[in-house]
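Here is a briefing on a structure, grouped by topic.

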Number of protein chains: 2
Amino acid sequence: MRIVSLSEIKLRVSTAAAIAAVEEGFVAYSRGEVTVPPVGHLGFEQPPGDVHIKYGHRRGDDMFVVKIASGFYDNPKLGLPSSNGLMLVFSAQTGAPEAVLLDEGWLTDLRTAAAGAVAAKHLAPRDVGEIGIVGAGVQARWQLDLLRHVTSCRRAVVWARDFSKAHAFAVEGFEIEAVRTLEELAARARLIVTTTPSREALLRAEMIHPGTHITAVGADAPGKQELDPALFARAAVRAVDSRSQCLHHGDSAHALRAGLVRETDFAELGEIIAGTRPGRTDENQITIADLTGLAIQDIQVAKLAAAN
Amino acid sequence: MRIVSLSEIKLRVSTAAAIAAVEEGFVAYSRGEVTVPPVGHLGFEQPPGDVHIKYGHRRGDDMFVVKIASGFYDNPKLGLPSSNGLMLVFSAQTGAPEAVLLDEGWLTDLRTAAAGAVAAKHLAPRDVGEIGIVGAGVQARWQLDLLRHVTSCRRAVVWARDFSKAHAFAVEGFEIEAVRTLEELAARARLIVTTTPSREALLRAEMIHPGTHITAVGADAPGKQELDPALFARAAVRAVDSRSQCLHHGDSAHALRAGLVRETDFAELGEIIAGTRPGRTDENQITIADLTGLAIQDIQVAKLAAAN
């Protein structure tokens, strides 16, 4: 079995290739070509932690992937990042282990940001004015960084609950301004990405201007929320990575439960990419992409990292 | 992260230590000290295969374990064993990966046989006469091999559907005779281990003589069966590794569904070892141990293999 270190993974996997692989993966997922069992979970109390096991197989692939990702929330006290993890690649012909990717969570950050880039590519208006980033953490930087592949815009406004973090936010090649209110961010940006662990709506429906696209990546577990459910009623396109998953625990779930939209109002990104469901048809439409993260994204980037 | 090869694992883990570790693990499990989420499963059609993911954490342990085990049934055509797999050891303090145990399924064979030895230690009569082995595959050899740690008997009779396989069956240090009928095996052996993938009862209630202990390890998935449900009605002790698991898909499940026994008639091995439920109290009793395999067994042997 090959052991692939993080530095080697970074050499092997370009952000552009990851975006293309994730885009193609969404189409395969929506066509029903990916076997994705339920996510496994192991919880810890002392110290507090969560371990998630995501795994699956894309029909026709000669490998399958198991990802083990952990979050141990006291790690920063020890000077360690909260997140860690690895991916394992096995032969789908014999079951033999082929590679362990010691990515420390890097591939997860990458595939999550790649999904944001894919959503913006297919749903953002032609002229986004500025890019609005809600949250100033690791994934906020990743999202802005990868958007350079799908828009020529290099100006961003950033908002965070802690203004000093927004002020310190920097991504190479972007001119960035911290703003004190979400209203200002929403007034200036026609492409907004929300990346917070919020448990209540941050972006309210009345803040959002016509012609805005919003990608929400923070609500990746039950109880989390970033978007006002009323925003879904206003939107012309309500995209999700996975209907079944987003209607369980994404921002979409709140809108559905509030009775503001029906399940059939949601289109999967893979359907929009493949052209079987419409995307943006007018520059003045509001569009939303609610992303909760799929094993197919892990599979697609793991294949790039494990390629001979 | 450390990579531990199979040859290194074999040097680190003695069979005697594995039996003691599994015995102690059963007690911890029955005391509710082990977090064991549902087993994950990924199925394959071309070629046919099954992947199981077992994982868990024993309270107080500084590590947790994830096992990925595969069975690809066309492998023998390629000259490869059907089974493969590895175990991963992570810090329960930080989530960081610590070791990958490239055991190729060896630790699973070991921990399964260790459970058989533990069951025999606590339930077999003092004088077993001969040991009866039903099935002549890899696990049949493992079971007999480890029984040397818990009985002084070195004579065995073996039965297999294919007599030539029973005839070829050999384990160092044992005098072994192949028999053509299960009746003969049951007449000669007071300690019987069944290790087949049978889907119907092999040992019928009327075959079994008083004072016999039977350990059944084959029925590890729904649909499998080795023991006549009526045997459970005759037995004085009905032991299981896990009540919840055995009453779902062990031989015990068939007896329960037939209405011959109640759930409370089953004692967990961990309870018998700890003395909170009675084991054998008379040399003439019939006792049964139905083993389906628990993540705590994997955890216990993985700790031995990963120890510094």
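The model is predicted: local features need pLDDT of at least 70, side-chain atom pairs count only at pLDDT 80 or more, and totals for chains, interfaces and linings use all residues. Residues are numbered from 1 along each chain as its sequence is written, while chains are lettered from A and ligands numbered from 1 in the order in which they are written.

**Interface**
- In chain A, 35 residues are in contact with 36 residues of chain B (C-beta atoms, placed from the backbone, within 7 Å).
- Strand 3 (40-44), strand 4 (49-58), strand 5 (63-72), strand 6 (83-91) and strand 7 (97-101) of chain A each supply at least two residues to the side that touches chain B. Strands (E, at least two residues) and helices (H or I, at least four) are DSSP runs, numbered from the N terminus.
- Strand 4 of chain A gives the most to that side, six residues.
- The side of chain A that touches chain B has 23 nonpolar residues, 12 polar and no charged. Nonpolar means Ala, Val, Leu, Ile, Met, Phe, Trp, Tyr, Cys and Pro; charged means Asp, Glu, Lys and Arg; the others, Gly among them, count as polar.
- The copies meet through the same surface, because 100% of the interface residues of chain A are also interface residues in chain B.

**Sheet**
- In chain A, eight strands form an open parallel sheet in the order 10-9-8-11-13-17-15-16. Strands pair if DSSP finds at least two bridges between them.
- Strand 10 (175-178) and strand 16 (266-268) of chain A stand at the edges with a single partner strand each, so one side of each has no neighbour in the sheet.
- Strand 8 (residues 130-134) and strand 11 (residues 189-194) of chain A run parallel, joined by five bridges. Glu130(A) has Ala189(A) as its bridge partner in strand 11.

**Helix 11**
- Helix 11 (residues 295-306) of chain A has 12 residues and should span 16 Å; its end C-alpha atoms are 16 Å apart, which agrees. The expected span is 1.5 Å times one less than the number of residues.
- Of the 12 residues of helix 11 of chain A, 10 are buried (20 or more other C-beta atoms within 10 Å of their own, placed from the backbone). Among them are Ile296(A), Ile299(A) and Val301(A).

How values were computed
Contact = placed C-beta atoms within 7 Å.
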